[in-house]
Amino acid sequence: MARKIIFSTQRYQYLKERLLAIAPDTWEPGLLSIRDFPDGEHYHRITSTVTGKEVVLIGGTIDDKETLELFDIANGCIQYGALCVNLVIPYYGYSTIERAVQYGEIVKAKTRATLLSALPATSMGIRVILIDLHVDGISYYFENNVRPVHLYGKAIVQQAALDIAAGRPFVLASTDSGRAKWVESLANDLNVQAAFVFKKRLSGEETHVTAISANVQDTLVIIYDDMIRTGGSLINAAEAYKQAGASAIGVITTHGIFAGNGFGRIRDCGLVEKLICTDTHPNALEINDPLLEVRSIAPVIFDYFDSLPV
C-alpha cells in the first residue's frame with residue numbers, strides 16, 4: 001500500500017490540518033514552497049518527496065486563481081512520480097453554470113472539469129472527490145483517466161438538524177422545489193415531514209413565493225440548501241415559512257459561501273435562530289458570530305479514504 005501524503009492549496013490549508021488531525025500517523029503532511037513575483041506570477045515548489053506515494057490534494061475551484069493552483073500542484077506531483085493523485089474539491093465553483101440557457105453561454109462547470117481532466121495519467125489513476133454537488137450530473141463532465149467520486153454530507157446535515165431542534169418537533173424544508181427530492185430523502189431518514197416552496201421567477205434576480213407544500217403552523221422549520229451565496233433565496237423562503245405560521249426557523253447548508261454581505265443579510269433579517277454550515281468554503285471561517293456554527297467536512301473525507309480496500 002502506497003503511503004499517503006497530503007497537500008493543499010493556500011486557501012485550504014485549514015482543511016488539510018483538520019484532516020491530518022484525525023488521520024493515522026501514516027498520513028504524511030506534504031510541504032510546498034510558495035512565493036509571489038512582482039508581476040503577479042506565482043512560484044510553487046514541492047519540497048516533500050512524492051515519488052511512489054499516493055497524493056491527497058485539497059483545493060476548491062472557488063475562483064480562477066485557486067483552480068489554477070490546484071491544477072499546477074497536481075501536475076507537479078504527477079511530474080515528480082506520484083503513484084496516484086486524489087483531488088479533494090470541497091466546493092466545486094461554477095456549479096450553477098452547468099448548462100447553457102442562452103446561445104453563446106459558456107458552461108464553466110464543464111470547462112473546469114475539462115481542465116482537470118487534462119492532467120497526465122498516473123500508474124494508479126486520478127480521482128476527483130466532490131462534496132454535495134449542486135447538480136449530480138457535473139461528476140460526468142470529467143473525462144480521460146479521471147474518476148469522479150461524489151460524497152454526500154448527509155450525516156452532518158442530519159445531526160445538525162437534530163441539534164437545532166434540540167428535541168422539538170420540526171419540518172425539514174428546502175428553499176425551492178429544485179432541492180425537494182434531496183430534502184425529502186433527508187426528512188424520510190429523520191422520520192419528519194418535508195416541505196418546500198413554490199416560486200415564480202419575476203426576473204433574473206427576483207422571485208416570488210406562491211405556495212408552500214406542507215402545513216408548518218406552530219412548527220419549527222429547518223431549511224436545508226446545498227449552498228448559500230447572497231442569502232436572497234433563503235430569506236425569501238424563511239419569510240414564506242414564517243408567514244405560514246412557523247414558530248421558528250433554523251438553517252443548514254453544506255457550502256457557506258456568504259458572498260458580499262450574504263451572512264449579514266441573513267443575520268439582520270431577524271428570522272433565523274441558528275445557522276449551521278460546513279467548512280467546505282473558506283469564507284465561512286472568516287465569520288465570527290454566535291448565529292453561525294461551522295462544522296468540519298474532514299471526517300467525511302477521511303471516512304471515504306478509510307473505506308477503500310487496502
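## Helices and strands in a predicted model

At 3% relative accessibility, Thr 67 counts as buried, where buried means under 20% relative accessible area, exposed means over 50% and partly exposed lies in between, with a 1.4 Å probe and protein chains only. This is a predicted model, in which local features need pLDDT of at least 70 and side-chain atom pairs count only at pLDDT 80 or more, while totals for chains, interfaces and linings use all residues. Residues are numbered from 1 along each chain as its sequence is written, and side-chain values use heavy atoms, with hydrogens and water left out.

Thr 67 is found in helix H2; helices (H or I, at least four residues) and strands (E, at least two) are DSSP runs numbered from the N terminus. Not counting residues up to four places away in sequence, Thr 67 touches Gly 60, Thr 61, Arg 112 and Leu 115, a contact being heavy atoms within 4.5 Å.

### Two helix pairs

Two packed helices are described by the angle between their axes and the distance between the axes. Axes are lines fitted to C-alpha atoms, for helices over the stretch in contact, and angles run from 0 to 180 degrees between N-to-C directions.

| Helix pair | Angle | Axis distance |
|---|---|---|
| H2 (residues 64–79) and H3 (residues 108–117) | about 20 degrees | 10 Å |
| H1 (residues 13–22) and H8 (residues 298–307) | about 55 degrees | 9 Å |

With an angle of about 20 degrees between them, H2 is roughly parallel to H3, whereas H1, at about 55 degrees to H8, is oblique to H8. In these terms, angles under 35 degrees count as roughly parallel, over 145 as roughly antiparallel, 65 to 115 as roughly perpendicular and the rest as oblique. The crossing of H2 and H3 is right-handed, and H1 also passes H8 in a right-handed crossing; a crossing is right-handed if the near helix is turned clockwise from the far one by less than a right angle, and left-handed if anticlockwise.

On the H2 side, Asp 64, Thr 67, Leu 68, Leu 70 and Phe 71 meet Arg 112, Leu 115 and Leu 116 of H3. This contact has 5 nonpolar, 1 polar and 2 charged residues, where Ala, Val, Leu, Ile, Met, Phe, Trp, Tyr, Cys and Pro count as nonpolar, Asp, Glu, Lys and Arg as charged, and the others, Gly among them, as polar.

Helix H1 meets H8 through Leu 15, Arg 18, Leu 19 and Ile 22, which touch Ala 298, Pro 299, Ile 301 and Phe 302. The residues of the H1 and H8 contact divide into 7 nonpolar, no polar and 1 charged. The buried residues of H1 are Tyr 14, Leu 15, Lys 16 and Leu 19, and they pack against strands E1 (4–8), E2 (28–29) and E5 (54–58) as well as H8.

### The sheet and another strand pair

An open sheet is formed by 6 strands in the order E2-E1-E5-E6-E7-E8, with parallel pairing; strands pair if DSSP finds at least two bridges between them. E2 and E8 (146–151) stand at the edges, each with a single partner strand, so one side of each is left without a neighbour in the sheet. Within the sheet, 5 bridges join E6 (residues 84–89) to E7 (residues 126–131), and the bridge partner of Val 88 in E7 is Ile 129. H1 packs on the sheet, and its direction makes about 155 degrees with that of E1. H2 packs on the sheet too, touching E1, E5, E6 and E7.

Strands E14 (residues 248–256) and E15 pair in the parallel sense over 5 bridges, with Val 251 opposite Leu 275 in E15. Because 5 of the 7 residues of E15 (residues 272–278) are buried, this strand is largely enclosed by the rest of the structure.
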